[in-house]
Amino acid sequence: MTSGVPVPVVLAGARGHGRRHVENIRRLQEKGGVRLVGICELTPLTEDEFGGELPEQSADLGALLDSTGARVAVICTPIPTHTDLALAAAARGVHLLLEKPPAPSYAEFRRMADGVAAAGVACQIGFQSLGSHAVPAIRELVAQGAVGRVVGIGAAGAWVRPEAYFRRSPWAGRRRLDGVDVIDGALTNPLAHAVATALALDDSTRAEDVAGIETELLRANDIESDDTSCVRITTARGGSVTVAVTLCAERADEPYVMVHGTSGRITLWYKQDRVLLQRADHGPEEVRHDRTDLLENLVAHLTDGTPLLVPPDATGAFMQVVEAIRRAPDPVPLPTGAWHRVPGEDRRVVPGIDALVAAAADTLSLYSELGAPWALPAHHLPKEVSTR
């Protein structure tokens with residue numbers, strides 16, 4: 001990290017996933033790059049919760065930014081609050097690290113991104129996988145023709161979540177809450193990195209890079225949003241990106257993205273920054289890559305002009321997917337015989353879903369095309385429906 005005066009940072013949302021930001025800010029604080037000057041929480045943290053002496057706290061982000069003189073705000077709050085909090089910070093000239101998904105709709109995303117740009121502040125969207133050095137390395141392999149012509153990109157995420165996961169907050173597992181969009185589905189929140197990383201490997205990250213979207217949204221849990229779903233994105237240059245995910249796996253596995261070529265394939269396990277290159281007439285080659293932390297990158301951008309890794313426009317295509325899911329019919333509940341509870345584990349499992357998720361990524365097919373008896377034909381949304 002660039003040396004100099006530590007950048008003062010305020011964290012909005014320090015519980016739940018926000019604890020990871022607390023740990024990361026502490027790590028960077030020890031390196032001298034940042035200084036945590038405030039925490040914004042509706043209910044103040046205790047020193048026991050925080051694990052040490054607390055900085056200034058307030059439930060009012062704007063007031064906290066004013067009183068602390070923070071230069072950066074890290075926003076890790078419920079999805080529907082992202083845009084208003086980001087704009088409150090931007091209005092004060094405060095730069096942003098905004099958690100994914102950046103907004104629950106394309107219109108809200110546009111309002112945030114346009115407002116941030118007009119304010120002249122830097123904004124980084126928290127897709128940590130896009131800080132992986134594996135992403136440019138794979139793009140370079142593709143450009144060199146390592147796997148021939150790319151025929152499509154598949155992604156798979158088979159995760160396990162207990163029923164309590166969907167009760168962790170009022171907005172969890174909701175499509176809307178009190179008339180406001182939330183869109184907290186498997187593709188848009190917990191496994192959003194699979195979608196964003198697949199689009200990045202296709203070099204189709206901007207809103208205008210999306211030509212059409214097909215969705216199949218289902219749920220085994222008693223929730224509004226999807227927990228077992230797939231999406232196929234047709235890109236403006238004719239590429240195909242298929243992402244299949246579930247939170248009802250038989251056993252948890254590492255999510256991955258796979259580039260399919262005419263003479264080989266490249267697999268990225270994006271949480272591990274691990275890349276496997278398999279191609280004709282060569283043995284398999286596996287490499288682990290480093291990763292640049294997104295807050296560290298934001299600070300470097302502010303101090304020496306290093307380019308941002310994930311500015312808002314680089315998530316426009318992902319937000320097109322969020323918008324397609326928002327506009328799609330509500331997720332279909334799976335029939336009772338298609339899932340069962342695991343005794344003593346407070347979770348629902350869809351038998352056979354692990355293999356189905358992998359097959360979708362391998363063949364670039366949707367669940368209905370793979371013959372899943374509970375899957376309905378895809379709901380199609382062309383690019384033109386998105387709010388611009």
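Analyst: Accessible area here comes from the Shrake-Rupley method, run with a 1.4 Å probe. By that method the chain exposes about 15500 Å², and carbon and sulfur atoms supply 50% of this area. The structure is a predicted model.

User: Why is D273 called buried?

Analyst: The cut-off for buried is under 20% relative accessible area. D273 has 10% relative accessibility, so D273 counts as buried. D273 is placed in the loop between β14 (264-269) and β15 (274-279).

User: What is said about the phi of D273?

Analyst: Phi of D273 is near 55 degrees, which is positive, and D273 is not glycine. D346 is also a residue other than glycine with a positive phi, of about 50 degrees.

User: What kind of peptide bond joins K100 to P101, and what is its omega?

Analyst: The bond from K100 to P101 is cis, and its omega is near -15 degrees. P101 sits in the loop between β5 (95-98) and α5 (106-119).

User: What makes the radius of gyration of the chain agree with a compact globule?

Analyst: The globule rule is 2.2 Å times the number of residues to the power 0.38. For 388 residues a compact globule would come near 21 Å, and the chain has 21 Å, so the two agree. The C-alpha trace spans about 60 × 50 × 40 Å along its principal axes, and 56% of the 388 residues count as buried.

User: How many of the contacts between residues at least 6 apart join residues at least 24 apart?

Analyst: A contact requires heavy atoms within 4.5 Å. Among contacts in the chain between residues at least 6 apart in sequence, 70% join residues at least 24 apart. The chain has 10 helices and 20 strands.

User: Which side chains are counted as positive or negative, and how far apart are the centres of the two sets?

Analyst: Lys and Arg count as positive, Asp and Glu as negative. By that count the chain has 38 positive and 49 negative side chains, and the centres of the two sets lie 1 Å apart.

User: Where does UniProt place the domain feature?

Analyst: The unreviewed UniProt entry places "domain: GFO/IDH/MocA-like oxidoreductase" at residues 137-266. In the model, residues 137-266 are 13% helix and 36% strand, and their end C-alpha atoms are 11 Å apart.

Technical notes:
Residues numbered from 1 in each chain as written. Predicted model: local features only at pLDDT ≥ 70, side-chain atom pairs only at ≥ 80, totals over all residues. Heavy atoms only, no water. Helix = DSSP H or I, 4+ residues; strand = E, 2+ residues; numbered from the N terminus. Buried < 20%, exposed > 50% of the residue type's maximum accessible area, 1.4 Å probe, protein only. Charge placed at Lys NZ, Arg CZ, Asp CG, Glu CD. UniProt positions renumbered as here; feature names shortened; annotations may be inferred.
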